[in-house]
Amino acid sequence: QPLVVNNTMYVVTPFPNVLYAFDLTKDGYPLKWKYRPAVDQNSLGIACCDAVNRGAVYASGKIVYNLLDGHTVAIDAASGKELWITKIADLAQGETTPMAPLIVKDRVLVGASGGEFGILGWVKGLDLSTGKIVWSATNIGPDSLLLAKAGTFKAFYDKGAQLGQTTWPADTWKHGGAPVWGWMSYDPELDLVYYGVGNPGPYNADQRMGDNKWTASVLARHPEDGALVWAYQFTPHDSWDFDAAAEMVLVDLTVKGKARKALVHFDKNGFAYTMDRATGEVILAEPYVHVNWASKVDLATGRPVLNDAKATGASSTRSPENSAS
């Protein structure tokens, strides 16, 4: 979608991610300048889900956006001059970067696609002025990589340490997916950034028994240093490609007469969630479409109540003669 700043419209194309600036003060909206980056064509064959670009952002006189081949660029909004370009992802590992960055103060927050190709999903915080990578955090794996620090990280429902590692068999988390290709939201009062995490890999869930945290989840981090504050998994051991990458909508609600700072999320699993965005508690979770993989979300545990007949592979209770129905 276009971005309008100071009577100039900025438009980013899909691959090869050309940035156009149009003058809205003049008849016909003539082109002021264009920036055409050198984008690796190999990204076209690696990007899982088309060569899209989810847009640019503006801050401090800069237009900042991601290139499909794993780079983030900052362009002078007035002249079109490239100010910095930073490699954030590795095509050789199956990582591409179609998402729109989020800028919070002096941090540019970015993530990668590639859950289908066994990436180790992550988010990174770049310095807005220089493009330098200030911090990098994975979404799965040991707490040290997740930036889940004792005393800072607390999942409302899940207790214990190393949950992003122990909920995977052996070292399968190293290729467990967990991409971040969608959208991020920011609460300045709590100083928390919220984002959804995509599917686990591989698709064959029998090869990764366990909850596979924190795929198909929402994570809340401090943008300055990336510290993980809380996480909640919408679909444990996702067998259906129920990415949780859709928007996290931040609203203030009155629930049972009490003011709550809420996060509302319509998940790909068919449930609409209203959560406390300070703690990760699920306040309400109800289907917004027909759902048959689970009967409900148990608010006491935060977990879906599964319909075993709709499970896949070895987890399914369906008889062989019914397995194709």
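I began with the two faces of strand 14. Leu192, Tyr194 and Gly196 lie on one side, Val193 and Tyr195 on the other, and all are buried. Buried means under 20% relative accessible area, exposed over 50%, and partly exposed in between, with a 1.4 Å probe and protein chains only. I noted that in a regular strand the side chains alternate between the two faces of the sheet. Strand 14 covers residues 192-196, and five of its five residues are buried.

I checked what I was looking at. This is a predicted model, where local features need pLDDT of at least 70 and side-chain atom pairs count only at pLDDT 80 or more, while totals for chains, interfaces and linings use all residues. Residues are numbered from 1 along each chain as its sequence is written, and side-chain values use heavy atoms, with hydrogens and water left out.

Helices (H or I, at least four residues) and strands (E, at least two) are DSSP runs, numbered from the N terminus. Two strands pair if DSSP finds at least two bridges between them.

Next I looked up the partners. Strand 13 (residues 184-187) pairs with strand 14 in the antiparallel sense over four bridges. Met184 has Tyr195 as its bridge partner in strand 14.

Last, I turned to Ala78. It sits in the loop between strand 7 (71-76) and strand 8 (82-87). Ala78 counts as exposed because its relative accessibility is 59%.
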